[in-house]
Amino acid sequence: MSANPLVQSIDERGFVELDHVTPSGARDEGLICQLISDRVNGAREFTVSWGRMLPGQHHVRHHHADVAEFYVILVGTPIIHLGTEAIRARPGQAFYIPPGTTHGITNDTDDVVDLVAGVNAVGSWDFIADE
């Protein structure tokens, strides 16, 4: 493991499973590895994570009232739910998600999806389920 907390690696930190269950009982799915955050290295401005979705997983549609988010697709072609649209993403695409915008991800393929996700918040922020 790097002696410098400002340098992080998914290989060293590993992934944890998402743990949200919506009020309707939908289970949030996917794996996440925080790389930059208040808990990992003292970041006070934003949080950046590496996300991984296995075949068939669904990150439930939700929104954040006061937090902007982004996704950058690295590997795979998931469906990105953005507002009322369902967009087939491809590697290299970036998605900006303004505060209050419903969003989610569905990996309906047979391949793993890797992405970078970030928010302009640290600590905890609201997760308001929309399904």
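H59 stands opposite I105 in strand 9, where strands are DSSP runs of E with at least two residues, numbered from the N terminus. The model is a predicted one, in which local features need pLDDT of at least 70 and side-chain atom pairs count only at pLDDT 80 or more, whereas totals for chains, interfaces and linings use all residues. Residues are numbered from 1 along each chain as its sequence is written, and side-chain values use heavy atoms, with hydrogens and water left out.

Strand 9 (residues 103-106) is joined to strand 4 by three bridges, and the two run antiparallel. Taking two strands as paired if DSSP finds at least two bridges between them, an open sheet of five strands results, with the order 7-6-9-4-11 and antiparallel pairing. Its edges are formed by strand 7 (85-88) and strand 11 (128-129), each of which pairs on one side only.

Five of the six residues of strand 4 are buried, so this strand is largely enclosed by the rest of the structure; buried here means under 20% relative accessible area, exposed over 50%, and partly exposed in between, with a 1.4 Å probe and protein chains only.

D114, which lies in strand 10 (residues 113-119), is likewise buried, with a relative accessible area of 9%. When its neighbours within four places in sequence are left aside, D114 is in contact (heavy atoms within 4.5 Å) with W50, G51, R52, V72, I73, L74 and V75.

Technical notes. Helix = DSSP H or I, 4+ residues; strand = E, 2+ residues; numbered from the N terminus.
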